[in-house]
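Subject: Structure handover

Hello,

Here is the structure I promised to pass on. My notes follow below it.

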Amino acid sequence: MSGVCVVTPGEGCSRFRVFGSVFGEDCTKLCRCKSSSEVCINHNGRCPGECAWSYGSFNCQQYNAALFKQVNMTGEKFFPGTGTELKHLTGDKAVDNDLSTDLSRCALAYRFDGMEVLIMTVDMGRLVRVNKITLLGVDHDHPLKSRLQLELDDQVCLQRDLSYAPPQQEDVTCESDMVGRILKLTSFHKMIKLCELQVWECTAGMFGDNCERECLCKDPEEACDRVTGKCHSGCRLAHRQANCQERNVALVRKCQQSSFRPTTGNTPGGFCQYAVDGLRSTSLSFCAETHNSQGVGWIQVDLGINRYVTLVEVLGHHMQCVDGSWGPECQYSCNCKDNKEVCHKVTGACQSDCPPGFMGTSCQEACSKDRYGINCGFDCPSCTTDGIESYPCDAKSGACQNCTLNSDRMTCRSKCEEGQFGRDCWVTCNCKDDKDCHEVTGVCRTGCKEGWYGDNCQMEDVAREPDVTIFDNTRGHLAYLKDGKLNGSCFTLRGKVIIRITLVKVTYINRVVFFLPKPRNAESHGELFSITIDNKECGDKFKLLKEREDVICDKHSKGIEIIFRGDGSTVDICEVQVYECARYMWGKDCKHQCNCAISTDECNRNNGTCDGHCDPRFRGAACQIQNMALQKPTRQSSLFYHDESQSLQYSFHAVDGNDDPSAGHCAVTQSLGESWWEVDLLSHVFINRITIVGQKYSTCYTGITARATDRQIDGGQEGCG
C-alpha cells in the first residue's frame, strides 16, 4: 500500500489550527478576506464578506498590480476655453483604488491641437502576467463612439471600437497570454475620462479566467501556467490531464471485495486496497484479486460523499498503460512537444520531440541553467548586469531571469540611456523632459519639446528655423506665419496668390500643416489648393476647411522650395508648419525606425529605404521585413558530416544569420529517404515569405514543401544551390 493519506480538498485545513487563513488541497493557499476574523471556504478560498485591499474576484485571488503605480498621461491639462488647470484630475486618480465614478475623483486629459491620440501609461514596476484589465468610467457620461487600444510592452492586448468611452465598467481579457511591465492605453477620442484602471493577475498557485482554479503541480514550488494550468513537473498525486484538474476520488478510500486471493509464498494476498493505492503497477503483487472459487467477484469503493464521476478507469494485471502515461508502473506522464501525442508506453519517447526546456529519451530531463529550447539545444544569452553573469535564462524561451527592473529581459543588459530609445538605442528623444521618454516607442509622457510634434515627438517643424523665408507674390516676407502663434497674426490670401517657402537645406518633407482662425463651410468654400516641392506635386489638390489641415506629401517628396497656390478664393492663414521626420525615423507619422545596417547609414525619411544594406535581421525595400527564424530552435531528419570542412552540418546553421553558401555554414541532411528540416518560431507569426539559400555546388533539389504547423503553405518547388 502507498501509506499516503489523501483528503477532500481543504477538508484538513482546520486541523492545522489555521482555519480561515488558508485553503486548498494542501492548505497552502492564503485567504484574502478583508477582515482577519472572517473564515474563507476551505476548498475555494471564497470570503463571506469583501476581499482584502487590492484583491478581487469571487474568491479574492486576483491581485491589482496597477495599484498606486506610476501613471503618465499625454494631453492638455486645462479645461478647454477656461484656463482652469486640472491639478486634481491627474493620472494617479486612476490607480488609487477609489471606485467612485464622480468626475472630480477621476483622471482627465484633453487632446490639444496637433495630437492625434491621447495616451496613458502605467508602469507596474515588474513583469506581470495579466489575467484581466478593468476600466471604470465616469457615471452618467454622455454616450459617444471611440476606438480604444490597450498594449502591454508593445504587445496589443485589445483594439476595438466602443459605443461609449470609457464605459462605466469594462472587463478586458487579452487575446493571448501576455507578460509585461508597461501598460499603455491609447484613446482616439478627444479626451480620457477614467476613474479607475485595474490590472489583475492571479495570486501564486492559482489560474483560470478569474483565478478561481488551483494549480496542482507535482513540484510544490512550481507555478503552473496561469491561463491553462499546465505543470512542467507533472501533476501531484491523484491528479492528471494537461491542467491536472482531473482528480482520482477513489484514491486510498475504504473498500470491500467479495473475496480475495490468499497470500502464497512471496506473493501477498489480492486485497482491494491495492486497487486504490495510486500505484499503477500491473504486477500481480500490487493488484487486487478476488478468489476464483467464489462465483461472481466484485470490489466496492466508498467515495465518502456524493460526487460527479466523469470517468471510471480500470487497470488490470499486465494491461498496457493508459494513453498519456508510461513506465514500469505507469507512474510517469508523457511530456511531448505535441501535448496531444501519446508517447511510448514503455520508454516515454515522443515522436514530436521534447517541448522547449526538456531533453532526454523520455523528455523528463530539464535543461541546465545555461541551456534552453527544444532538446536544450541552445546556449543561454549573456545575462549580464553590472558585469556579473549570475542570472540563469528561462529554459523554454531563453529570456534571462531575475534581472533588475530597469533592464532588458532577454539579456539583463541595461536599457537605453536617458534621451535615447528604439532598436539599438539609435533614436534621440524629443521630450520636454527626456526622463519621460519611453525606451521602446519614444512616446513622451509630458509632451514634446518646442518645435517637435507627433505621438513620439519625431516630427520636426523645419519652417521655424531662423533662416527659413516665407514670401508671397504681393506683400513680401510673411514672418508671422512661422512665429508659433496658431491663432495670432493671420494672412488673408485673395485671388491667385502664391506663397513661397524656402528651406535652409534639402529636406524629406512629410507634410505641410496650415492653421486657420476658424473652420470654413464646405458648401461655400469648396475651392482647391495645391502644393509643389521643387516643381513636383506634393500630393493631390486639397481644400482648407478645418482649423488645422494636414497635407501629407507622398513618399518621394524631397526638396528645398515649397510653393502654395490658391485658385482665386479668399482664405485666412495664421500659421504654416513643415514637418520632417527625425533622424532614423520614417513613414506617414514618423513612427517607423530605420533598419539600415549601421547607425551612420540613414534611411530615406519618407519611404524607409537605406543607402547601403539592411540590418541582417531585416530585408525588403524598406528593410521592414523581419527574419522571424533567426536563431530560433531547429531540428532536421538526419545529420551530415562534411569531409572538406571537417564539421557536422547542424540544423541551426540555417538560422545563424550567415548566408555564406560555402561548406560548413549550411544545414545538411543525409540522402536517406525523405529529408526534412524544421524551425520553431516560438510564437504565432504572419508569414510573408520564406527564402531558402542553398549550399554552393550542391545538387539540385525537387519537391520542396513548406508547412506552417500542420498546414501546407507552399509546395512543389525546385532549384539548385
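The disulfide count comes to 21, where a disulfide is a pair of cysteine sulfur atoms within 2.5 Å. This is a predicted model, so local features need pLDDT of at least 70, side-chain atom pairs count only at pLDDT 80 or more, and totals for chains, interfaces and linings use all residues. Residues are numbered from 1 along each chain as its sequence is written, and side-chain values use heavy atoms, with hydrogens and water left out.

- Cys31 is joined to Cys40, S to S 1.8 Å. Cys31 is buried at 14% relative accessible area (buried means under 20%, exposed over 50%, partly exposed in between; 1.4 Å probe, protein chains only). Cys40 is buried too, at 2%.
- Cys235 pairs with Cys244, with the sulfur atoms 2.1 Å apart. The link is left-handed, with -85° about the S-S bond. Cys235 and Cys244 are both buried.
- Cys448 pairs with Cys457, with the sulfur atoms 2.0 Å apart. The torsion about this S-S bond is about -85°, so the disulfide is left-handed. Cys448 is buried at 18% relative accessible area, and Cys457 at 1%.

One further cysteine: Cys287 is buried, with a relative accessible area of 11%.

Next, the backbone. Most residues other than glycine have a negative phi. Asn97 has a positive phi of about 65° and is not a glycine. Asn97 sits in the loop between strand 5 (70-73) and strand 6 (107-110). Strands are DSSP runs (E, at least two residues), numbered from the N terminus. At 21% relative accessibility, Asn97 counts as partly exposed. Tyr584 also has a positive phi, near 75°. Tyr584 lies in the loop between strand 41 (575-581) and strand 42 (585-586). Its relative accessibility is 8%, so Tyr584 counts as buried.

Last, Arg605. Where does Arg605 lie? Arg605 is in the loop between strand 43 (592-593) and strand 44 (618-619). Arg605 counts as buried, at 14% relative accessibility. A polar atom of the Arg605 side chain lies 3.0 Å from the backbone oxygen of Cys581. Which residues does Arg605 touch, not counting those up to four places away in sequence? They are Tyr508, Glu580, Cys581, Ala582, Arg583, Met585, Trp586 and Gly587, with contact meaning heavy atoms within 4.5 Å.

Best wishes

Key:
Helices (H or I, at least four residues) and strands (E, at least two) are DSSP runs, numbered from the N terminus. A polar contact is a pair of N or O atoms within 3.5 Å; within protein, one must be able to donate a hydrogen and the other to accept it, and residues adjacent in sequence count only if both atoms are side-chain atoms.
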